[in-house]
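Subject: Structure for you, with notes

Hello,

Here is the structure I promised to pass on. Please open it next to this email, and my notes follow below.

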Amino acid sequence: MSRRIVIAAVVVVAGLVAAIVAFAVSRSTSNTRTASPPIPTLPPPVDFVDRIDHPFFPLEPGTTFTYTGQSDGAPQKVTVLVTHKTKTILGIDATVVLDQVLIDGKPEEKTWDWYAQDSDGNVWYLGEDSFDYVNGKWVRSDGSWQAGVDRAKAGIIMEARPHVGDVYRQEYYVGHAEDMAKVIDTNGAVTVPFGSFDHPFATSEWTPLEKGIVEHKYYARGVGNVRTVMVKGGSEDELLLSVTH
């Protein structure tokens, strides 16, 4: 074999090796970027406080949040009532919140959510009891779950100090409830019927159980969630209309 051919062969092999290495690095980076966040460790009951006063997720008992909007072209109304009730889960007294959805004036869904705040300021999601209205009856949803039951784990619904790029699990019940969130903005602006807000805290939320569906949520300081909009996989938009106490 001539020296020229040998050199050419070496160059080709080197190129193939470089391409394989580049592909491996790219694949590794991609996997790291899309890897699921770890399940957060729930603090012991002694590390929880008796009220939820997070600046972007305040849940004062007796408060009702009313949202207006549309779901796949049909008018939608959502009411979220922070009740005076608590539910003890894994030794933690969780605040009970009732979320009700009307589509075109008819009942669609209702959910009892359970939240608690730790002493660091993180708001934890301890589970939900959700129902769909089917043929004139309320039917318990497959998405219902409770931390500590059937290996379900609590998640974080709101970080104490969110930073852009943070990714975290909001719930974890394999095959039933696996919502995740990523902080995408803290310096934008949002306008809803209830008012206009600067520097809202915004998240992108998804679940591997419903691939192709992504929602963005906006939270205003001192108010809470002011807008939820589906940006991929459908058409849905909820805008805060009023807050009553």
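A definition comes first: a charge sits over a ring if NZ of Lys or CZ of Arg is within 6 Å of the ring centre and within 35 degrees of the ring normal. Lys87 is a case in this chain. Its charged end sits over the ring of Trp114, 5.0 Å from the centre. Lys110 is placed over the face of Phe131, with 6.0 Å to the ring centre. Please keep in mind that this is a predicted model. Every value here is computed from it.

Overall picture

The chain has 245 residues, and 40% of them count as buried. It holds 1 helix and 19 strands. Take the contacts between residues at least 6 apart in sequence: 44% of these join residues at least 24 apart. The exposed surface comes to about 13600 Å². Carbon and sulfur atoms supply 54% of that area.

Aromatic rings

How many aromatic pairs does a search of the whole structure find? The count is 8. One of them is Phe57 with Tyr115. Their ring centres are 5.4 Å apart and their planes meet at 70°, so this pair is edge-to-face. Phe57 belongs to strand 2 (residues 57-59) and Tyr115 to strand 6 (residues 106-117), so the pair ties together parts 58 residues apart in sequence. Both partners are buried: Phe57 has a relative accessible area of 9%, and Tyr115 has 10%. The two also belong to one aromatic cluster, together with Phe56, Tyr125, Trp145, Phe201 and Tyr219.

The nonpolar core

In soluble globular proteins, nonpolar side chains tend to be buried together. Here the largest nonpolar core has 49 residues. Which of them touch the most other members? They are Phe57, Tyr115, Leu126, Met158 and Val226. Strand 5 (residues 92-103) gives the most to this core, with 6 residues.

Leu126 deserves a look. Setting aside neighbours within four places in sequence, its contacts include Leu42, Ile89, Ile92 and Ala94. Trp114, Ala116, Trp145 and Gln146 are also among them. Ala147 and Ala154 are on the list too.

Is Gly127 buried or exposed? It is buried, because its relative accessible area is 0%. Beyond four places in sequence, Gly127 touches Trp112, Asp113, Trp114, Trp145 and Gln146. Gln170 is 43 residues from Gly127 in sequence, and their C-alpha atoms are 9.8 Å apart in space.

Loops

Most residues other than glycine have a negative phi. Asp150 has a positive phi of about 55°, and its loop runs between strand 9 (145-146) and strand 10 (153-158). Arg151 lies in the loop between strand 9 and strand 10 as well. Its phi is positive too, near 65°. What about their exposure? Asp150 is partly exposed, with a relative accessible area of 47%. Arg151 is exposed, at 73%. The cut-off for exposed is over 50%.

Thr207 is a loop residue too, between strand 16 (201-206) and strand 17 (214-220). Thr207 counts as buried, because its relative accessibility is 10% and the limit for buried is under 20%. Leaving out neighbours within four places in sequence, Thr207 is in contact with Glu178 and Asp179.

Strand 19 and its partners

Strand 3 (residues 64-71) and strand 19 (residues 236-244) run antiparallel and are joined by 8 bridges. Strand 18 (residues 224-232) also runs antiparallel to strand 19, with 3 bridges. Which residue in strand 19 is the bridge partner of Gly69? It is Glu238. Glu238 is the bridge partner of Thr228 as well. Strands 18 and 19 form a hairpin with 3 residues between the strands. Gly233, in that hairpin, takes a positive phi near 95°.

Best wishes

Key: Residues are numbered from 1 along each chain as its sequence is written. This is a predicted model: local features need pLDDT of at least 70, side-chain atom pairs count only at pLDDT 80 or more; totals for chains, interfaces and linings use all residues. Side-chain values use heavy atoms; hydrogens and water are left out. Helices (H or I, at least four residues) and strands (E, at least two) are DSSP runs, numbered from the N terminus. Buried means under 20% relative accessible area, exposed over 50%, partly exposed in between (1.4 Å probe, protein chains only). Contact means heavy atoms within 4.5 Å. Accessible areas come from the Shrake-Rupley method with a 1.4 Å probe; for residues, only the protein chains shown count as cover. Rings of Phe, Tyr and Trp (its six-membered ring) pair if their centres lie within 6.5 Å; planes under 30 degrees apart count as stacked, over 60 as edge-to-face and the rest as tilted. A nonpolar core is a set of buried Ala, Val, Leu, Ile, Met, Phe, Trp, Tyr and Cys residues joined through side-chain atoms within 4.5 Å. Two strands pair if DSSP finds at least two bridges between them.
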